[in-house]
Amino acid sequence: MTLAPELLAVLACPACRGSLDVTGETEGLLCPRCAVVYPVREEIPVMLVEEAVPVREWKKGRREANPAAVCFAGLNGKTG
Ligand SMILES: [Zn+2]
C-alpha cells in the first residue's frame with residue numbers, strides 16, 4: 001500500500017497543522033511535533049485528533065486510539 005506523495009503533501013496534522021511523515025509500514029502518518037500517529041485505514045488517512053495514537057503506543061503495536069480517550073471526547077461532545 002502506498003500513499004500518493006501529492007496526498008501526503010496536502011495532509012497536515014489537525015492539532016498543530018504541521019507536516020506529517022509516513023511510518024515505516026505506511027499504516028499511519030506520524031506527527032513529530034505532537035508525537036502521535038494518525039492511522040491509515042483502507043488507504044484513507046484518519047485525520048482526527050480523537051483517533052490519533054501516541055507514538056509510544058503505536059510502536060507497541062497499538063493501532064487504535066485509547067478507548068478511554070475516545071469516551072472522554074464523546075462525553076465532551078455531548079450537548080444533552
Ligand atoms: Zn501535530
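With 6 C-beta neighbours inside 10 Å, Glu42 counts as exposed, since a residue is called exposed if 12 or fewer other C-beta atoms lie within 10 Å of its own, buried if 20 or more do, and partly exposed in between, with C-beta atoms placed from the backbone. Glu42 also has a positive phi of about 50° although it is not a glycine, and its place is the loop between strand 3 and strand 4 (44-45). Before going further, please keep in mind that this is a predicted model, in which local features need pLDDT of at least 70, side-chain atom pairs count only at pLDDT 80 or more, and totals for chains, interfaces and linings use all residues. Residues are numbered from 1 along each chain as its sequence is written.

**Overall layout and confidence**

- The protein has three helices and five strands; these are DSSP runs numbered from the N terminus, with helices (H or I) of at least four residues and strands (E) of at least two.
- Along the sequence, the elements follow the pattern α-β-β-β-β-β-α-α.
- Of the 80 residues in the protein, 19% are buried.
- Among the contacts in the protein with a separation of 6 or more, 16% are between residues 24 or more positions apart; a contact here means that the C-beta atoms of two residues, placed from the backbone, lie within 7 Å.
- The average pLDDT (the predictor's confidence in each residue, from 0 to 100) is 82 for the protein, and 78% of the residues score at least 70.
- Confidence is lowest in helix 3 (residues 67-77), with a mean of 54, and highest in strand 5 (residues 53-54), at 95.

**How the strands pair**

- Strand 1 (residues 21-22) pairs with strand 2 in the antiparallel sense over two bridges; two strands count as paired if DSSP finds at least two bridges between them.
- Asp21 has Leu30 as its bridge partner in strand 2, and Leu30 in turn has Val37 as its bridge partner in strand 3.
- Strand 2 and strand 3 run antiparallel and are joined by four bridges; here Leu29 stands opposite Tyr38 in strand 3.
- Strand 3 also pairs with strand 5 in the antiparallel sense, over two bridges, and Val36 stands opposite Pro54 in strand 5.
- Another antiparallel pairing over two bridges links strand 3 and strand 4, where Val40 has Pro45 as its bridge partner in strand 4.

**Two hairpins with a positive phi in the turn**

- Strand 2 and strand 3 form a hairpin with four residues between them.
- Ala35, in the loop between strand 2 (28-31) and strand 3 (36-41), has a positive phi of about 55° although it is not a glycine.
- Ala35 counts as exposed because it has 12 C-beta neighbours inside 10 Å.
- Strand 3 and strand 4 form a hairpin with two residues between them, and Glu42 is in that turn.

**Burial and the nonpolar core**

- Strand 2 is covered on both faces: Gly28 and Leu30 on one side, and Leu29 and Cys31 on the other, are all buried.
- Strand 3 is mostly covered as well, with five of its six residues buried.
- The largest nonpolar core has 13 residues, of which Leu29, Val36, Val37, Ala52 and Val53 touch the most other members; such a core is a set of buried Ala, Val, Leu, Ile, Met, Phe, Trp, Tyr and Cys residues joined through C-beta atoms within 7 Å.
- Strand 2 and strand 3 are the elements that give two or more residues to this core, and strand 3 gives the most, with four residues.
- As general background, nonpolar side chains tend to be buried together in soluble globular proteins.

**Around Val37**

- Leaving aside neighbours within four places in sequence, Val37 is in contact with Thr23, Gly28, Leu29, Leu30, Ala52, Val53, Val55 and Trp58.
- The C-alpha atoms of Val37 and Glu57 are separated by 9.3 Å, and these two residues are 20 apart along the chain.
- Glu57 is found in helix 2 (residues 55-59) and is partly exposed, because 16 other C-beta atoms lie within 10 Å.
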